Amino acid sequence: MSESNIQIRNLTKSYGKKQALRNLNLDIASGMFGLLGRNGAGKTTLMKTIATLLKKQEGEIIVCGVPVEKAAEIRKIIGYLPQDFSMYGGMTVTQALDYLGVLSGMSKSERQERISILLKQVNLTEHTRKKVRALSGGMKQRLGIAQALLHDPKVLIVDEPTAGLDPEERVRFRNLLCEIAENKAVILSTHIVGDVEATCEKIAILDEGRLLFGGTVSKLCGMAEGSVYTAEVTQKELPKIRAAYTITAVLSQGKNSTVRFLSPDSRPTIGMPVTPGAEDAYIFCLSKAGKGGNLHDAV
Amino acid sequence: MTLYRKELGRVLKSLMFLLSAAGIVLFAYTQGVFPPHSTITKPEPNAASYGTKASGDPALIMPEAAESLFVQYSVNQYTTYPKGFLKYIKLNQADRAKMDEIIAELSADALSDSTRETDDTLATNNGSLQIDGGSLRPNGDGSFQIITPEGETPIDFTFNPDMTWERFSVLMERADDLLGGGSDYSDTWMSHRFGQVPITYEEALADYELTISHDKLTGAHARLFSDYMGIILGLLPVFPAVFLCLGDRKNIAPMVHTRRISSVRFVLARFLALVTAVMIPVLIMCAVLTGVHGLDYGFGNIDIFAYFKYALFWMLPTAMVSTAVGLFFTTLTNTPAAVAVQLVWWFVDTLGGSGAYSFYGIRPLQLIPRHNGLGKTQAYLDYLPELIQNRIRFALIALVLVAFTTFVFSAKRRGLLHVSVFKRRKI
């Protein structure tokens with residue numbers, strides 16, 4: 001097990017009466033780390049707090065040995081790609097990177113060298129003179145990754161980077177992140193479980209600012225073992241199943257549907273148990289929390 | 001320095017800057033200072049007029065000032081410039097009674113009860129009776145008549161011929177105090193505003209010679225150029241500043257905020273780039289005008305640096321303030337509110353009578369110093385100390401606004417300040 005790059009202890013943050021993060025404890029090591037949660041779970045707040053864009057109220061965050069209060073030091077070692085990344089539309093790809101390189105305090109030769117390497121890495125070499133506003137969604141996200149990596153940070157934070165990308169771009173983007181994560185800590189925040197399942201070994205699930213789960217994907221799946229079932233039902237029976245169980249997937253086939261559902265407390269009257277996937281386990285985790293279950297203690 | 005160059009490049013390529021630069025040049029063209037419409041010529045004897053100047057003669061100042069005060073008293077509306085900004089004053093009953101006493105002492109005849117009643121009627125009828133050519137009638141003997149509404153007795157005012165300058169000064173000071181200061185009756189302005197006399201040929205000649213020796217011709221032209229450029233630089237630079245900062249809205253701000261650069265360096269680079277950009281069309285015009293005057297008067301007779309000296313000393317602080325207002329309010333609010341702020345300031349400063357102070361001095365908080373004439377070198381030298389103070393003051397105001405901008409930017413990049421009218425915070 002590699003040494004933790006980021007240690008978060010008792011982190012609390014609120015906006016007025018709304019508590020966005022509640023007493024959060026988390027260790028993030030090198031490699032891909034997935035952060036899952038519903039909208040409003042506190043993922044963006046956590047990422048922004050690590051990236052020095054928000055000030056914590058209580059607790060402690062240490063990034064590569066540097067407390068987050070030392071914002072100037074943290075900014076040297078962190079790369080950040082926000083959701084819906086954008087840059088000045090009138091700049092070309094190279095100009096945008098060069099400008100941000102200047103803001104990162106890089107010399108001209110450093111900028112030239114890094115920009116050339118990164119454009120190759122994110123496959124934008126053909127588009128260096130293209131204006132940012134003319135880039136497609138996927139190209140823009142790749143430029144986003146390039147800018148976040150420009151100053152060669154030790155930690156990369158990416159907030160829902162695959163939202164809005166077509167499936168091919170999504171896969172390409174995930175592969176790119178995995179490549180980058182070979183020698184960095186990459187925190188990937190998303191509510192698309194498939195992205196995390198395909199890329200991250202370790203994950204954390206947040207809900208209403210609390211840590212519901214922290215550990216490996218296989219451990220998460222193991223927790224849902226014996227609680228996931230599948231059954232073939234008619235369209236008429238479907239509402240009854242919906243009312244009785246938490247459904248994780250429905251596949252319609254003519255008049256019948258194949259449903260995957262959760263039954264954590266007792267064996268259901270219909271269906272067969274199946275091996276849980278990450279999505280089943282994630283929903284299992286959230287549904288447990290909704291029923292007052294305390295998964296955090298369990299892990 | 002690299003960031004400054006990058007920001008300058010961004011500003012220079014922006015549409016808003018190009019429009020502002022065009023506006024600056026167009027304004028200079030329409031005001032007849034680019035290219036210059038007039039040249040400095042030696043005054044000829046027996047000309048019809050050489051202009052006017054303040055005489056400083058109590059015999060002329062006193063009746064004019066008293067009449068002016070009486071006009072304003074009649075409608076109970078006084079124009080003042082406390083702290084340099086235009087303000088209309090309406091006196092309350094108690095202060096009007098005190099002003100009654102001053103007017104009574106200034107008048108050859110004590111005010112009758114009927115006059116006072118008429119004053120009340122005037123004041124209460126519409127609250128702000130305007131005196132114009134139709135309601136103000138000179139008697140031709142130094143006195144004049146206020147024509148009251150139909151059917152009422154006109155009010156006569158004749159200045160008390162026995163009034164001494166000392167007593168008059170005391171009364172005017174009292175009147176100025178009642179008005180809250182900054183009126184035409186204050187010690188500072190009275191001798192400039194009243195008692196104007198024609199300039200003689202000898203005086204015009206002396207001023208011409210001073211313009212040659214001190215200004216080397218281009219200095220005088222540069223002053224008139226500065227006068228007009230100040231008006232436009234008091235407003236237009238806010239637009240490129242607002243436009244540049246609004247570019248950081250939406251999802252671009254985190255790209256900038258998470259970078260290593262210090263807030264001070266970032267804001268300062270932007271400020272300097274914006275000020276440089278807005279001064280570029282001015283400096284180009286200065287260079288062209290120097291060439292034009294060199295060809296007109298001969299390069300040996302002019303000060304080839306005059307326009308540039310005035311650009312930096314006179315115009316630059318105004319441009320700095322307009323730019324800093326743009327930076328500060330846009331960084332604070334993420335809206336174009338700075339345009340409204342600067343527009344109000346500009347409106348109050350220019351239409352609030354800054355032009356009226358041409359040649360007679362500079363108000364402490366006059367954003368746009370005026371010198372609406374070619375020459376008048378002695379007048380310029382007389383108010384130069386005030387101008388220097390004024391320009392230093394505005395340069396400092398600009399730097400204070402830049403410091404505030406840095407503070408706001410720094411707080412926003414740490415999430416300590418959230419002023420947004422458009423977007424809810426995402427959790």
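Predicted model: local features only at pLDDT ≥ 70, side-chain atom pairs only at ≥ 80, totals over all residues.
In chain A, four strands make up an open sheet, arranged in the order β12-β13-β11-β14 with antiparallel pairing. The edges of this sheet are β12 and β14 (272-273), each of which pairs on one side only. Helix α10 of chain A, covering residues 278-290, packs on the sheet and touches β11, β12 and β13 of that chain. The direction of this helix makes about 140° with that of β12(A).

Strand β13 of chain A (residues 256-262) takes part in two of the pairings described here. With strand β12 of chain A (residues 246-253), β13(A) runs antiparallel, and seven bridges join the two. Within this pair, A:Leu262 of β13(A) is the residue opposite A:Thr246. The strands β12(A) and β13(A) form a hairpin with two residues between them. In this hairpin A:Gly254 adopts a positive phi near 65°. Strand β13(A) also pairs with strand β11 of chain A (residues 228-234), again in the antiparallel sense and over seven bridges. Here A:Arg260 in β13(A) has A:Thr230 opposite.

In soluble globular proteins, nonpolar side chains tend to be buried together. The largest nonpolar core in the model contains 87 residues, and the members that touch the most others are A:Ile157, A:Val186, A:Ile187 and A:Leu188. At least three residues of this core come from each of two domains of chain A, namely domain 1 (4-217) and domain 2 (222-298). Apart from this core lies another, which has 68 residues and includes B:Val238, B:Val267, B:Ala306 and B:Leu367.

The surroundings of A:Val186 can be given in detail. When neighbours within four places in sequence are left aside, A:Val186 is in contact with A:Met32 and A:Phe33, with A:Leu156 and A:Val158, and with A:Leu177, A:Ile180 and A:Ala181.

The contact between the two chains involves 31 residues from chain A and 22 residues from chain B. On the side of chain B that touches chain A, helices α1 (2-13) and α11 (253-257) of chain B each supply at least two residues. The most is given by α11(B), with four residues. Sorted by class, this side of chain B consists of eight nonpolar, eight charged and six polar residues.

Key. Residues numbered from 1 in each chain as written. Chains lettered and ligands numbered in written order. Pairing = 2+ DSSP bridges. Core = buried A, V, L, I, M, F, W, Y, C linked by C-beta atoms within 7 Å. Buried ≥ 20, exposed ≤ 12 C-beta atoms within 10 Å, placed from the backbone. Domains from an automatic or database assignment. Contact = placed C-beta atoms within 7 Å. Nonpolar A, V, L, I, M, F, W, Y, C, P; charged D, E, K, R; others polar. Axes fitted to C-alpha atoms, helices over the stretch in contact; angles between N-to-C directions.
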